[in-house]
Amino acid sequence: MNVDLLAHPAEEVAPQLLGSVLTCKTLEGTVSIAITETEAYSGAADPASHAYRGQTARNAVMFGPAGHLYVYRSHGLHWCANIVTGTDGIASAVLIRAGRVIEGEDLARKRRGEKVESPRLARGPGNFCQALGITAEHNGADLLTGTSVVLSGGESVPAALIQVGPRVGVSKAHDWQHRFYLAGDPTVSAYRLSPRAKPSAGA
């Protein structure tokens with residue numbers, strides 16, 4: 001994976017990441033997951049973004065440089081992984097919502113539960129991180145030159161298979177068409193409208 005491919009706004013990079021592979025190596029072993037669903041989040045112009053109100057200690061990684069991993073805990077329960085994109089100094093990141101385990105399925109299932117079916121192992125951003133082994137210690141990891149978590153190119157995805165829709169579960173700018181996923185793929189998470197969502201202007 002070349003940093004030049006990531007040095008663009010999140011909404012441009014998000015569909016291009018479909019089919020790419022995230023690999024995480026831990027003491028337990030290695031798990032690789034092909035990305036099947038993403039969501040784009042920008043900065044000051046995006047009310048649903050963590051960077052909407054500016055840079056903080058929590059979201060600093062989101063401001064670049066591109067090619068790093070921004071990890072945060074959602075609702076105090078689940079870790080979520082984002083690939084930082086765009087220009088250094090301007091917040092932009094792609095949330096990884098789902099994927100297909102292509103290496104280390106036994107380890108992923110051990111982490112997720114022995115009875116979890118294969119398509120559900122990395123379905124949803126929290127499950128994706130749990131299956132892959134991503135935690136707070138990976139926040140800021142260099143995905144291009146690092147060793148613990150690596151982003152690499154995978155199978156090419158035909159444009160006809162890429163679907164676009166509104167982001168899942170956000171209450172602000174929920175109707176922005178910044179969610180990208182593979183049509184008909186069983187690993188893709190179900191769309192859920194936030195009960196607090198209201199119509200909004202935007203992209």
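Leu 22 has Leu 151 as its bridge partner in strand β6. Strands β1 and β6 run antiparallel and are joined by four bridges; two strands count as paired if DSSP finds at least two bridges between them. Helices (H or I, at least four residues) and strands (E, at least two) are DSSP runs, numbered from the N terminus. The model is predicted: local features need pLDDT of at least 70 and side-chain atom pairs count only at pLDDT 80 or more, while totals for chains, interfaces and linings use all residues. Residues are numbered from 1 along each chain as its sequence is written, and side-chain values use heavy atoms, with hydrogens and water left out.

**Strand β6**

- In a regular strand the side chains alternate between the two faces of the sheet.
- Buried means under 20% relative accessible area, exposed means over 50%, and partly exposed lies in between (1.4 Å probe, protein chains only).

**Nonpolar cores**

- A nonpolar core is a set of buried Ala, Val, Leu, Ile, Met, Phe, Trp, Tyr and Cys residues joined through side-chain atoms within 4.5 Å.
- The largest such core has 36 residues, and those touching the most other members are Leu 22, Ile 33, Leu 69, Ile 83, Leu 132, Ile 134 and Leu 151.
- A second, separate core of 14 residues includes Tyr 41, Phe 63, Cys 80 and Leu 95.
- Leu 132 is in contact (heavy atoms within 4.5 Å) with Leu 22, Thr 23, Cys 24, Val 31, Ser 32, Ile 33 and Arg 111, leaving aside residues up to four places away in sequence.

**Helix α4**

- Helix α4 (residues 125–132) is largely enclosed by the rest of the structure, because six of its eight residues are buried.
- These buried residues are Pro 125, Gly 126, Phe 128, Cys 129, Ala 131 and Leu 132.
- The elements that cover them include β1 (21–26), β2, β4 (78–84), β5 and α3.

**Salt bridges**

- Side chains of opposite charge can pair when their charged atoms come close.
- The structure holds seven salt bridges, each being a side-chain nitrogen of Lys or Arg within 4 Å of a carboxyl oxygen of Asp or Glu.
- In one of them, Arg 97 pairs with Glu 37, with the closest N and O atoms 3.0 Å apart.
- This pair links distant parts of the chain, since Arg 97 lies in strand β5 (residues 93–103) and Glu 37 in strand β2 (residues 29–41), 60 residues apart.
- Arg 97 is buried at 8% relative accessible area, and Glu 37 is buried at 0%.
- Arg 100 and Asp 185 also form a salt bridge, at 3.8 Å from N to O.
- Arg 100 is in strand β5 and Asp 185 in the segment after β8 (179–182), so this pair ties together parts 85 residues apart in sequence.
- Arg 109 and Glu 105 form a salt bridge at 3.2 Å from N to O.
- Both Arg 109 and Glu 105 lie in helix α3 (residues 105–112), four residues apart, about one turn of the helix.
- Salt bridges that share partners join Glu 37, Glu 39, Arg 97 and Arg 179 into one network.
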